[in-house]
Each structure stands twice: as structure tokens, then as C-alpha cells.
Amino acid sequence: MEFAAAPTDAGAPAALEELTVAVGGHRYSALAAGPEAGELVLLLHGWPEFADAWTEQLHALGEAGYRAVAVDQRGYAREARPEGVEHYAIEHLVGDALAFADSQGADRFHLVARDWGGMVAWALATAHPGRLRSLTVLSTPHPSALQRAAATDDGQFHDLGYIRFFRRGVGKAEKFLLRDEAAQLRAVYNRRIPVEFVERAVARLSEPGALTATLNWYRGATNDGFDVPAGRITVPTLYLWGSEDPYLGQSAAELTVHHIDAEYRFQIVEGTSQWMAMEVPDEVSALVLDHLRRH
């Protein structure tokens, strides 16, 4: 395992550090902020985004004295893009997250995650609770809660149709998303997200093999992505859900409480979607910092 930091501009102290984390033959690009001696906060992004989706939270956490690290995960980092769906099974994604923490010398750490990163977080917290100081998940309900909601709520089942398309439309999904200069891919992002972020993400996902690699997260899962090995959660947990989330409904969000055996806070962030970290960055950062300071 290797860890390296790119040179930073001494005249721009607020700039994020650019890191490379080498794990298991792959090299992962990452962004970081805060003192190296600070408690580690590992941030896991979702689809279709990269580590820079956490830019505002990285700054806030770093300024608060934490060592905040967000990684371009497997399939997203250019040098960590193995071919084959089998390389994107949940156990590999959880293993990557633990290795990212190991690269920082952290036996225990705070975990903050969104969307697919949230699925990884629930699984990691189940299997390795001793590694976590706290857990924060944005948008993604506990997998078992989502599975139950999809089975009993026709609206939730319908809203997850894109997952079934991604899983069964191998090749077809990529063509659909990238046609007409990636018009359909751009449409995935909320209009309140900065244009420069969207264009940067679309450019990276348009690289040969990139979109397929990121969609393999969906294809590497079972039961349309709901059957993630997550059970009882025994670490302090904060769950943030946006009231305007178009894909993950309130029923699954509210059912999540039934899977937590630790201090738990469920916060509805009004007027936001699953992109709340960029829509209301100050509010999200404040909620996360409050949770971290308690643990």
C-alpha cells in the first residue's frame, strides 16, 4: 500500500490536497483537507459523481481540525478501473474503503457517505463496527428498509426502475446516457448543482470505459441492488434525507430506524434532493460536524 500527496501551492492555504492512494494494484485519486493528525473522516461519493462532490464538506471538516479525505472510488479513478462486473461486488467496495482508512493510519474513523457510497457504508458498519467512530449517510436508506419499501410501495418500486435498466441494459444504458453529447447523463444532475461540477463529471464519465465501470456497481449487486449485506447497525448514526429526493422515498427513509441499535438521528433536509451536499452545503456540513463532535 502506498500513499502520496501532490505538491500544493503554499500561497493558497485553502486549496484541497490532491492525493494518490495505492491499494491492491490500483491507484485511487483523492482530495483531502485538515491536519494529518486529526481524526479521520472518510467521505464516499455516489453515482454519477467523484470526490469533488464533497468539496464544501472537506473544507468545513478540515477547518474544524479533522483529517477529511474523499476518494474517487473503484471504477471512478482512472487507475482503479478493473474490467469485469465481478470486481465491483460489495465486498470489494467495502474492502477498498477500509484500505483507504488504513492508508491514513486510522484504526478508527468517521464515515460519511452518499448514494452508492451509502450502501457501502451500511455494509461496512455492519461487518466492521469496531472500525467506526460514527456513521453519517446522506439519501440512502438502510438496504433492508429500501428492500421492504420497494416490495410494499408501488411508487418506490417504480422510482427504482433506473436501477433495473442499468443492470439489464448492458451497453444499451451507456449508449442512452452518452448519446446527443451526453444529454441524458447531464439530465441526471439536479439543476441546482454548479454547471462546472456537472461538466467536469460528464467529461470524466465520457472517457473510454468509465461509464461502464461506474455502472458495474449496479451490475455487481444482486436483487436489483437491494440485497446488500447490511444488518444491525451498532455505531452512532446520522441519516439525512432530502424531502425532494426523486428516487428514494420517505417510506424507506422512515423504516431505517428499525435497523439501528445505537444512538440515531434522522433528519429531513427540507427542499433538497439526494444532491443535498451541494444544494445546501453549509447546512449539511453543520449537521455532520455536530454529529462528529458528539462522537
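Which side chains meet in a salt bridge at 2.7 Å, N to O? In this predicted model, they are those of Arg-78 and Glu-207.

**View 1. Salt bridge between Arg-78 and Glu-207.** Arg-78 sits in the loop between strand 5 (67-71) and helix 2 (90-103), and Glu-207 in the loop between helix 8 (195-205) and helix 9 (210-219), so the pair links distant parts of the chain, 129 residues apart. Arg-78 counts as exposed, at 53% relative accessibility. Arg-81 joins Arg-78 and Glu-207 in a network of salt bridges.

**View 2. Salt bridge between Arg-114 and Glu-49.** The closest N and O atoms are 2.8 Å apart, and both residues are buried. Arg-114 belongs to strand 6 (residues 109-114) and Glu-49 to the loop between strand 4 (40-44) and helix 1 (55-63), so the pair ties together parts 65 residues apart in sequence.

View 3. Asp-290 is partly exposed at 29%, whereas Arg-294 is exposed at 55%.

**View 4. The largest nonpolar core.** Among its 78 residues, Trp-47, Phe-109, Leu-111, Leu-135 and Tyr-189 touch the most other members. Beyond its neighbours within four places in sequence, Leu-111 contacts residues including Leu-42, Leu-44, Ala-121 and Leu-124.

**View 5. The largest pocket.** Its space is about 270 Å³. Of the 19 lining residues, Trp-47, Tyr-162, Phe-166, Val-188 and Tyr-247 lie nearest the centre. Helix 7 gives the most to the lining, five residues. The lining has 13 nonpolar, three polar and three charged residues.

Key:
Residues numbered from 1 in each chain as written. Predicted model: local features only at pLDDT ≥ 70, side-chain atom pairs only at ≥ 80, totals over all residues. Heavy atoms only, no water. Core = buried A, V, L, I, M, F, W, Y, C linked by side-chain atoms within 4.5 Å. Buried < 20%, exposed > 50% of the residue type's maximum accessible area, 1.4 Å probe, protein only. Contact = heavy atoms within 4.5 Å. 1 Å grid on protein atoms, 1.4 Å probe; cavity = no way out; pocket = protein on both sides within 12 Å on 5 of 7 lines; lining within 4 Å. Points joined across faces, edges and corners; volume = space filled by probe spheres on them. Helix = DSSP H or I, 4+ residues; strand = E, 2+ residues; numbered from the N terminus. Nonpolar A, V, L, I, M, F, W, Y, C, P; charged D, E, K, R; others polar. Salt bridge = Lys/Arg side-chain N within 4 Å of Asp/Glu carboxyl O.
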